Amino acid sequence: ADAAIVHGIRDGKHTVRSAAEFRDFIRSRPSPASMKSPREEAIISIDQTSPDLAIAKVRVRAGQTGFIDHLVFHRIDGRWLITTKAFHVAQVFPEGS
């Protein structure tokens, strides 16, 4: 959702961005694919806590950085939308791995 908020902890620093700011930040960087870097994704858990609310925990590797994302979804007008994303860096992989 465009009103989503993204919270993150990286290098001990907390950042907060709107969905649009986060999208612009991601688009401003070279993609892992363009750098021939690894990209991996895995769903760790999904918990639908009510008919219109769910929480997912996912693992994402983008290049040399492994993140754990916590995503809050709301069903809005029949569509599941991410309304909040919170992430932290779980692992930094050595170059070449």
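Biologist: In what order do the elements of the protein chain run from the N terminus on?

Modeller: Keep in mind that this is a predicted model. The order is β-β-α-β-β-β-β, made up of one helix and six strands.

Biologist: What makes a residue count as lining the largest pocket, and how many residues line that pocket?

Modeller: A lining residue has an atom within 4 Å of a pocket point. There are 44 such residues for the largest pocket, and Phe22, Ile26, Arg39, Phe67 and Lys85 lie nearest its centre. Elements giving two or more residues to that lining include strand E1 (5-10), helix H1 (19-27) and strand E6 (79-92). H1 gives the most, with six residues.

Biologist: Why is it called a pocket and not a cavity?

Modeller: A cavity is a set of points where the probe fits but cannot get out, whereas a pocket is an open set, so the name says that this space is open. Its volume comes to about 1,100 Å³.

Biologist: How do the lining residues divide into nonpolar, polar and charged?

Modeller: You get 21 nonpolar, nine polar and 14 charged. Lys and Arg count as charged and Phe and Ile as nonpolar, so Arg39 and Lys85 go with the charged residues, while Phe22, Ile26 and Phe67 go with the nonpolar ones.

Biologist: What share of the chain counts as buried?

Modeller: Buried means under 20% relative accessible area, and 25% of the 97 residues count as such. The chain exposes about 6,600 Å², with carbon and sulfur atoms supplying 56% of it.

Terms used. Residues numbered from 1 in each chain as written. Predicted model: local features only at pLDDT ≥ 70, side-chain atom pairs only at ≥ 80, totals over all residues. Heavy atoms only, no water. 1 Å grid on protein atoms, 1.4 Å probe; cavity = no way out; pocket = protein on both sides within 12 Å on 5 of 7 lines; lining within 4 Å. Points joined across faces, edges and corners; volume = space filled by probe spheres on them. Helix = DSSP H or I, 4+ residues; strand = E, 2+ residues; numbered from the N terminus. Buried < 20%, exposed > 50% of the residue type's maximum accessible area, 1.4 Å probe, protein only. Areas by Shrake-Rupley, 256 points an atom, 1.4 Å probe, with all protein chains shown as cover.
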